[in-house]
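Hello,

Here is the structure I promised to pass on. Please open it alongside this note, and my findings follow below.

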Amino acid sequence: MSETHKTDPNIKSPCIRQCCLDDDEICVGCYRTMKEIMVWQQSDQSEKLAILANCSIRKKKHDFLHP
């Protein structure tokens, strides 16, 4: 691994241990895709922040469609 691509252990995983995929292959607990879940540990800070931003968008969409 190169020095410019260090992982960031300080950003916590959004996992809340309610792992179950919906029909769109999105976890209903943390709103990550399976790929995002699998790459989390190897992701650097900017990648983790991008994943969290995508999770937030998915959660808002879910909450809007399923009040």
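Let me begin with Glu36: at 10% relative accessibility, this residue counts as buried (buried is under 20% relative accessible area, exposed is over 50% and partly exposed lies in between, with a 1.4 Å probe and protein chains only).

A word on the source: this is a predicted model, in which local features need pLDDT of at least 70 and side-chain atom pairs count only at pLDDT 80 or more, while totals for chains, interfaces and linings use all residues. Residues are numbered from 1 along each chain as its sequence is written, and side-chain values use heavy atoms, leaving out hydrogens and water.

What does Glu36 pair with? Glu36 forms a salt bridge with Arg58, their closest N and O atoms being 2.8 Å apart (a salt bridge is a side-chain nitrogen of Lys or Arg within 4 Å of a carboxyl oxygen of Asp or Glu). Arg58 lies in helix H2 (residues 45–65) and Glu36 in helix H1, so the pair ties together parts that are 22 residues apart in sequence. Arg58 is partly exposed, at 22% relative accessibility.

The count of salt bridges comes to 2. Asp63 and Lys59 also meet in one, at 2.7 Å from N to O. Both lie in helix H2, 4 residues apart, or about one turn of the helix. Asp63 is partly exposed at 37% relative accessible area, and Lys59 is partly exposed at 38%.

As for the overall build, the protein has 2 helices and 0 strands (DSSP runs numbered from the N terminus: H or I of at least four residues for helices, E of at least two for strands). Buried residues make up 24% of the 67 residues.

Together with Leu21, Met38 and Val39, Met34 forms a nonpolar patch of about 330 Å² accessible area (patch residues have over 30% relative accessible area and no salt bridge; like charges are joined within 9 Å and nonpolar side chains, Val, Leu, Ile, Met, Phe, Trp or Tyr, within 5 Å; areas come from the Shrake-Rupley method with a 1.4 Å probe, and for residues only the protein chains shown count as cover).

Finally, two backbone points. Most residues other than glycine have a negative phi. Arg17, however, has a positive phi near 60°, and Glu25 has one of about 65°.

Best wishes
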